[in-house]
Amino acid sequence: MDPNFVRDPPAPSGPFEGQGIVVMTGATAGIGQFAAQRINCTTRARLIVGARGAQPRWGEALKLDLASLASVRSFAATVEKEIAGAKIDVLILNAALGTAPAGATTEDGFEATFAVNHLAHYLLLRLLIPLLATGARVVITTSNTHDPRTSPAPPRHADAIRLAHPETDPERDRSAFTGAFRAYSSSKLCNLLTARALAVSPLARERKLTVIAFNPGFTPGTGLGRNLPLPLRLVMQVVPWIIGRFRRINTAAHGGETLADLALGRIEPPEGHLYASIVSRELAWPDPSELAQNDDVMAKLWVDSARLVGVREAP
Ligand SMILES: NC(=O)c1ccc[n+]([C@@H]2O[C@H](COP(=O)([O-])OP(=O)(O)OC[C@H]3O[C@@H](n4cnc5c(N)ncnc54)[C@H](OP(=O)(O)O)[C@@H]3O)[C@@H](O)[C@H]2O)c1
């Protein structure tokens, strides 16, 4: 844990500093663990963490395995019971699987990276929408790997049916080297499109939701590369060292701190922007990729995802 992490936290202010409720995924490791620490140590909000095994150091854990849609449904029902009529002020969908072995599927029969990173979070969002407070904030962690300008293996499309069943996708990446990475970047494009779809929905306007898609940028030292083959994991240790000679490298502590501040409303999106991106530890609000800005792709992803997880299409 970075000893400087909770240095000079902003003074409590705003709606989430008092009796607020924060629900979060991916708080047991990496960037999310630092975000949870900042939320826990600098606010009086109740922090509820969905965790599959490892206990979070910060917040109350409720069982959630994103590789199972049944577990997502059970988690959402438990959250509803636990908060007993209160509303959720902040929802942070941060968990992710970096890469899954080729052909790996979840118990629901969907490609594992797409299912964990996108479908499970999509279902969780849909189930928790009725529990969101007026003025709530939703932050979904995406990645600049969704963008061909900054990705070695960017998505080829955001077609949910083909991403869920890659064996039916004539455009799928068959390379053992880039295939898994492209599954990851595609899932992160879906996270961004989901954030955009929610932000432009009538419901978001009615309920005054603030929606942010957050890219922590390349951040070495987290658990994201844990499933990579050993040689690649070694490369991932050497590359940051080389890059670090020329520019400031992102850290999990800074990414987590920024995620928390975005979620708590200490950092506000500029008008008309939703994509918050960290490069060299500086937060910017760039336009996402062309595909991420495509409204038809966005609408189709929302509807197809609803069909895949078995909820109605309208939010
Ligand atoms: N690190 C980077 O370079 C980078 C760059 C851009 C975007 N991001 C994004 O940043 C976010 C955080 O990544 P990180 O780098 O901090 O990775 P990390 O250290 O591997 O943390 C991932 C988190 O997701 C949880 N998780 C994974 N699979 C899960 C499942 N099936 N059910 C429930 N929880 C699950 C993990 O829980 P366990 O403790 O149980 O494993 C952990 O808390 C991700 O959305 C990632 O895509 C990271």
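A: The residues of the shell around the ligand comprise 14 nonpolar, 14 polar and 3 charged; here Ala, Val, Leu, Ile, Met, Phe, Trp, Tyr, Cys and Pro count as nonpolar, Asp, Glu, Lys and Arg as charged, and the others, Gly among them, as polar. The model is a predicted one, in which local features need pLDDT of at least 70 and side-chain atom pairs count only at pLDDT 80 or more, while totals for chains, interfaces and linings use all residues. Residues are numbered from 1 along each chain as its sequence is written.

The ligand is surrounded by 31 residues, of which G30, A95, A96, T222 and G223 are the closest; a residue is near a molecule if its C-beta atom, placed from the backbone, lies within 6 Å of it. Helix α1 (residues 30-42) gives the most to this shell, with 3 residues; helices are DSSP runs (H or I, at least four residues), numbered from the N terminus.

Turning to the nonpolar core, the largest has 89 residues, and those with the most contacts inside it are V22, L91, I92, L119, L128 and L193. Such a core is a set of buried Ala, Val, Leu, Ile, Met, Phe, Trp, Tyr and Cys residues joined through C-beta atoms within 7 Å, where buried denotes 20 or more other C-beta atoms within 10 Å of a residue's own.

Methods: Helix = DSSP H or I, 4+ residues; strand = E, 2+ residues; numbered from the N terminus. Buried ≥ 20, exposed ≤ 12 C-beta atoms within 10 Å, placed from the backbone.
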